[in-house]
Amino acid sequence: MSHFKRFIASFLIVCLTSITLPMQAFAAIVSTEEATGTITAGTTAERERITGFLARDDIRKSLEAQGVDPQAAIDRVGTLSDEEVQQLAGRIDQMPAGGDVLGVLFTVFIILLVTDILGFTKIFPFTRSVR
């Protein structure tokens, strides 16, 4: 019996000693899209197309006329969900070639206004955050 107790005691000493050894951990910043695995080539291309659309001079002037910072609107495209990106890209595709830019600008304005009211952004000085 003492041989069995000695074996168990030795085994427990090794186990408890190995538990106290430091373990290595690695950390990195991971975006929400990477964590959920929802980034697709289609949404990336649509984001780039919307960003290119907002970078046009006539769109910039129209955004500035409505009191929206064009760079803030472009930055906000990166934080839109995939569904919002697809919806906005679909609206751009449905526009006539000569322009019904007003509808797209109105959509961008509404999206920015809602995110401003929810407290995600602070673009418009006339809104109050619900947070």
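Which helix is largely enclosed by the rest of the structure, and why? In this predicted model, the helix in question is α5, which is largely enclosed because six of its eight residues are buried. The chain as a whole is built from seven helices and zero strands, and buried residues account for 28% of its 131 residues.

**Overall architecture**

- Read from the N terminus, the elements of the chain follow the order α-α-α-α-α-α-α.
- Among the contacts in the chain with a separation of 6 or more, 49% are made between residues 24 or more positions apart.
- The chain exposes about 9500 Å² of accessible surface, and carbon and sulfur atoms contribute 62% of that area.

**The nonpolar core**

- The largest nonpolar core holds 24 residues, and the members that touch the most others are Ile50, Leu54, Leu63, Val68, Val108, Leu112 and Phe124.
- At least two residues of this core come from each of α3 (41-54), α4 (57-65), α5, α6 (82-94) and α7 (101-118), and α7 gives the most, with seven residues.
- Once residues up to four places away in sequence are set aside, Val108 touches Leu54, Leu63 and Leu88.
- In soluble globular proteins, nonpolar side chains tend to be buried together.

- Arg76, which lies in α5 (residues 70-77), is buried but has no salt bridge, and the nearest side chain of opposite charge, that of Glu84, is 5.3 Å away.
- The separation of 5.3 Å between Arg76 and Glu84 can be set against the requirement that a salt bridge have its nitrogen within 4 Å of a carboxyl oxygen.
- Beyond its neighbours within four places in sequence, Arg76 is in contact with Leu112, Thr115 and Thr121; of these contact partners, Leu112 is also listed among the core residues that touch the most other members.

**The salt bridge**

- Side chains of opposite charge can pair when their charged atoms come close.
- The structure holds one salt bridge, in which the side chains of Asp58 and Arg56 meet with an N to O distance of 2.9 Å.
- Asp58 counts as partly exposed because its relative accessibility is 41%, and Arg56 is likewise partly exposed, with a relative accessible area of 37%.

**Surface features**

- A nonpolar patch on the surface is formed by Phe4, Phe7, Ile8, Phe11, Leu12, Leu16 and Ile19, which together have about 770 Å² of accessible area.
- Leu12, one of the residues of this patch, is placed in helix α1 (residues 2-19) and counts as partly exposed because its relative accessibility is 46%.
- Glu83, which is found in helix α6, counts as exposed because its relative accessibility is 66%.
- Although Glu83 and Thr43 are 40 residues apart in sequence, their C-alpha atoms are 9.0 Å apart in space.

Conventions: Residues numbered from 1 in each chain as written. Predicted model: local features only at pLDDT ≥ 70, side-chain atom pairs only at ≥ 80, totals over all residues. Heavy atoms only, no water. Patch = residues over 30% accessible without salt bridge, like charges linked within 9 Å, V, L, I, M, F, W, Y side chains within 5 Å. Areas by Shrake-Rupley, 256 points an atom, 1.4 Å probe, with all protein chains shown as cover. Helix = DSSP H or I, 4+ residues; strand = E, 2+ residues; numbered from the N terminus. Buried < 20%, exposed > 50% of the residue type's maximum accessible area, 1.4 Å probe, protein only. Lys, Arg positive; Asp, Glu negative; His and termini not counted. Contact = heavy atoms within 4.5 Å. Core = buried A, V, L, I, M, F, W, Y, C linked by side-chain atoms within 4.5 Å.
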